[in-house]
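Biologist: I would like to learn how to read a protein model. Could you take me through one, feature by feature?

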Amino acid sequence: MVEPIPPATQRITDDLDRLLEVLPVAVQIALSDPGARDQLLEVVLDLGRVPEARYPGRAVALGETAVSRADLLQVLERLGPFGGDNRAGIERTLHRISAIRNRSGEVVGLTCRVGRAVFGTVAMVRDLLDAGQSLLLMGRPGVGKTTALREIARVLADELGKRVVVIDTSNEIAGDGDIPHPAIGRARRMQVARPELQHEVMIEAVENHMPEVIVIDEIGTEREALAARTIAERGVVLVATAHGNELANLIKNPTLSDLVGGIQSVTLGDEEARRRRTQKTVLERAAEPTFPMAVEMHSRQRWLVHRDVATTVDLLLRGQSARPQIRELSEAGELRLQEAPAPPAESGATRSPRSPMPLPDPVARSTHRPTAAAAGPANGPAPLQDELPGPPPPLRVCGVGVSRALLEEAARSRSLALEVVEAPEGADLLLSLRGQLGREPGLRRRAQDLGLPILVIKSESLHQLQRALERVTDRRPSGTTEGGVTDLDDAHAALEECRLAVEQVVLPQGRPVELLPRSEPVRQMQTELVDHYRLRSAVFGRGQQQRLRVFPA
């Protein structure tokens, strides 16, 4: 499904004349034509070589005269001092000049990067900023990570009214000099004396300046990754960038893998390995990700959004494909959202690397679905229109001790169809704070008599509500099948839910687990899976709320 969003107006400010003023005269003349400045990325000055202007996908020589030592010295005299990262800037601009030195420490090359403040790119992730969760931007150098980071800081500070602190290690986000560039709005900027002290400044910002959001460019060391986790655990939202084309790169990176939860090797016992039908040593996620959301910036116009990094990492570790949301910006400035296509279905049984047994074929098990031979023409496949489910109805939630406004805000931030009702008789779900139902036993009995699922959350926070609603709506019915029987999601998701419940709760903790309501054919598959573990199960509930409860041996 493609969802268009109104065009995003972009405005670009680059102060390019300020950069050209410090370059040699010959280079200034070569770039005097407005056409030569359009989409200019950087100017390269290497000793003994002709100056070069670089654009997206191409490079152009500027004249025929090679760069001399006098040219380099002339540029250096017009710049401020270089820092420990061999970078300098032009005060109150976003341009960055990086030096290449010989073994004696003399400058023999300069890379003059054009810094642009682009207003409008935040439309790609504007909805994610409302979620109040940490966000990680990934992508190759030059794809626009810092540009996006700059505007995100401005939107958070000016439009959302957050207390934002920018950790500006190389003065690349807010420009050179003591006064930050207007591109970051009301956000405050902390400069870093030396790159190796970046993690210390991150912690100092939290301890001294009470930020709600910290913005940081290029997390690249283990100490910085550890500082990011420490900050996130203190309740401060992080918006950061890291080099890597996609999430899978961070999983394989031992230095930065902690940003997405870290990876640990787990050795299973003989019996457990046989039960799972896998090797004895498996890889699993070690902890909750520091960044619950992540964006892969494949180009300036195409971003892939992972709204649940933990789930994506778990899928990748099991050898399955992640399904991020694809966001593309057209030439007209129209933003389009599209869900990644589902992996092709395999015929027969499907086995994942960690599955304890081959998963049954849901089509073969579902007796209420007509086969192509029975329903379709003799010379071709059956038409799909009759089997496609319609849009799911709104989830009707009755909140107990939960604010109606907060429930609606959680649904709005996750683009979920939700209707808040006052009584359990008209609800699909009873959502309660821990301990609240104990004070209202009558309400609990009414919900149980109706066979209504009861979901209990720890606290009335936006994050808790968002996660609870996402878990429920991901497993809601998407339509009805013949005979009016609700098709309670696909069998593969139900079997995965059952497997995780058995392996993470029933077996290790010895506690019973009640699964989500499922259709009868799917419950039968779950029962066979439970039998494979040599455990007991029973069906509870009435009508469409019938669900399986798994008991320890």
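Biologist: What is the mean pLDDT of the protein?

Modeller: pLDDT is the predictor's confidence in each residue, from 0 to 100. Here the mean is 80, and 84% of the residues reach 70 or more. Over residues 344-390 the value is below 50, and this stretch has 64 contacts (heavy atoms within 4.5 Å) beyond near neighbours in sequence. Residues 477-489 also stay under 50, with 31 contacts beyond four places in sequence. Where pLDDT is low, the predicted coordinates should not be read in detail.

Biologist: Which order do the strands take in the open sheet of six?

Modeller: Helices (H or I, at least four residues) and strands (E, at least two) are DSSP runs, numbered from the N terminus. Two strands pair if DSSP finds at least two bridges between them. The six-stranded open sheet reads β5-β4-β3-β8-β7-β6, with antiparallel pairing. β5 (58-61) and β6 (87-89) are at the edges with a single partner strand each, so one side of each has no neighbour in the sheet. On average, neighbouring strands are turned by 25 degrees against each other, direction ignored. Helix α4 (residues 69-77) packs on this sheet and touches β3 (42-46) and β8 (107-113), and its direction makes about 55 degrees with that of β8. For such angles, axes are lines fitted to C-alpha atoms, for helices over the stretch in contact, and values run from 0 to 180 degrees between N-to-C directions.

Biologist: How many bridges pair β4 with β5?

Modeller: Four bridges pair β4 (residues 52-55) with β5 in the antiparallel sense. Among the bridge partners, A53 goes with V60 of β5, and E52 with A61. The hairpin of β4 and β5 has two residues between the strands, and G57 there takes a positive phi near 80 degrees.

Biologist: What pairing does the open sheet of four strands have?

Modeller: Its pairing is parallel, in the order β22-β21-β23-β24. β22 (418-421) and β24 (454-457) stand at the edges with a single partner strand each, so one side of each lacks a neighbour in the sheet. The twist from one strand to the next averages 30 degrees. β21 (residues 395-400) is joined to β22 by four bridges, and V397 has V420 of β22 as a bridge partner. Helix α14 (residues 404-413) packs on the sheet, touching β21, β22 and β23 (429-433), and its direction makes about 170 degrees with that of β22.

Biologist: At what angle do helices α7 and α8 cross?

Modeller: The axes of α7 (residues 198-209) and α8 (residues 222-233) cross at roughly 10 degrees and come within 8 Å. The two are therefore roughly parallel (angles under 35 degrees; over 145 is roughly antiparallel, 65 to 115 roughly perpendicular, the rest oblique). Residues including M202, I203 and V206 in α7 meet residues including A227, A228 and I231 in α8.

Biologist: Where do α17 and α18 touch?

Modeller: The axes of α17 (residues 491-509) and α18 (residues 520-532) come within 10 Å and cross at roughly 35 degrees. The contact is made by residues including A494, L495 and C498 of α17 and V522, M525 and L529 of α18.

Methods: Residues numbered from 1 in each chain as written. Predicted model: local features only at pLDDT ≥ 70, side-chain atom pairs only at ≥ 80, totals over all residues. Heavy atoms only, no water.
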